[in-house]
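Open the model in your viewer and get ready to select residues. The tour goes stop by stop.

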Amino acid sequence: MQPLEIGSLRLFPFGAVTAAALAAGVWMSRRGALDRMTRRTVELFWLMALPLGLVLAHLGYALSSLDMIEDYFGEMLLDFPGGGYLLYGALAGAAAALGLACRTGKAPFAKTADLLAGPFLLFGAACALGEGLIGGGFGWKVEDWFLTENSMSLLASEEPGPLADFFTHFPFAVRDPFYGYANWAVFLPVGLFLLLGLHWTMRLSPARDGDRAVFSLSLYAAVRILYESLRQDDIPKWGFVRVNQVLSAVLLAALLVICWRRAGKGLGPSLPLLLGGALLVTAMEFALEKKIGFLEWMTMDLCYAVSALGCWMMFRAVDRLRRRTGDGARGGTGKERGK
């Protein structure tokens with residue numbers, strides 16, 4: 001989508017959407033701060049997070065392009081207007097800013113992080129939806145999806161037919177601006193689901209400080225793993241490995257360790273759930289490429305369904321341990337309102 005020109009001002013759709021989400025996030029976090037010390041800490045966080053997040057997001061994108069680092073790293077690093085940002089780089093900058101703000105403002109880290117859980121999911125949703133505005137976040141060609149010869153769908157036939165025609169229109173698909181192909185609009189359900197996750201996060205009744213932060217981060221990471229698998233546009237990769245999938249898995253593992261340390265109990269089924277989910281997702285990535293002989297019978301929609309199950313297992317592994325942490329804080333009631 002072309003930038004909107006208002007006089008001498010050029011307004012880029014992706015930048016406008018994410019800037020609006022950031023402004024709403026600042027308002028949400030300040031509104032949730034119930035005392036002056038927390039409010040000042042939140043304000044200090046945003047003052048540091050915006051530049052830190054921008055720099056580390058751009059640096060993260062440059063580092064994720066290993067095939068171009070040797071020749072173009074310097075150019076990529078300095079080309080801020082040219083784009084190229086990694087949300088996990090922004091998250092690293094935000095985490096550093098939060099630590100510095102809480103240390104300076106003498107506010108509790110976990111409690112302040114909870115105030116930023118909703119804004120984080122809002123920003124993640126805005127990034128996903130904004131990618132659709134700039135021609136990203138799309139999946140396979142809809143016409144190819146329903147052809148038997150491609151082994152993509154259980155609903156495939158020798159001719160695409162009316163079913164494929166029905167799904168070639170928005171909101172199911174978006175048109176390639178250069179070739180006119182209809183591709184699945186993957187960004188739309190992902191963005192809407194993250195907004196639903198924002199609703200769940202804000203309705204969560206945390207038993208301990210940090211619950212909302214853990215819930216929002218684990219939900220985002222699990223959704224991001226599936227999103228990266230579904231999309232077929234230009235995304236950061238290390239060879240054939242999708243960078244955001246690896247970083248999401250690392251984040252889920254880190255959150256599991258944090259919840260385990262907070263709970264002061266054994267991991268129970270959470271560790272097998274996390275490892276099992278990761279194994280399922282990895283296996284389906286190879287199955288999608290037809291690199292596992294005994295799984296070649298699986299169509300791509302079946303592979304994605306199993307991947308979704310694996311992502312849910314990874315999220316559930318962290319959330320189960322988070323709830324156990326809360327159960328101890330409640331004295332064992334284990335009830336959460338709004339879930």
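Select Asp233 and Arg231. They form a salt bridge, with the closest N and O atoms 2.7 Å apart. A salt bridge here is a side-chain nitrogen of Lys or Arg within 4 Å of a carboxyl oxygen of Asp or Glu. Asp233 is buried at 13% relative accessibility, and Arg231 is buried at 4%. Buried means under 20% relative accessible area, exposed over 50%, partly exposed in between (1.4 Å probe, protein chains only).

A note on the model: it is predicted, local features need pLDDT of at least 70, side-chain atom pairs count only at pLDDT 80 or more, and totals for chains, interfaces and linings use all residues. Residues are numbered from 1 along each chain as its sequence is written, and side-chain values use heavy atoms, with hydrogens and water left out.

Together with Arg231 and Asp233, they are linked in a network of salt bridges.

Next, select Arg30 and Glu43. Their side chains meet in a salt bridge (2.8 Å, N to O). Arg30 lies in helix H1 (residues 13-32) and Glu43 in helix H2 (residues 36-64), so the pair ties together parts 13 residues apart in sequence. Helices are DSSP runs (H or I, at least four residues), numbered from the N terminus. Arg30 is partly exposed at 35%, and Glu43 is partly exposed at 31%.

Move on to Asp144 and Lys141. Their salt bridge spans 3.9 Å, N to O. Asp144 is partly exposed, at 24%. Lys141 is partly exposed too, at 23%.

How many salt bridges does the structure hold? The count is 10.

Methods. Helices (H or I, at least four residues) and strands (E, at least two) are DSSP runs, numbered from the N terminus.
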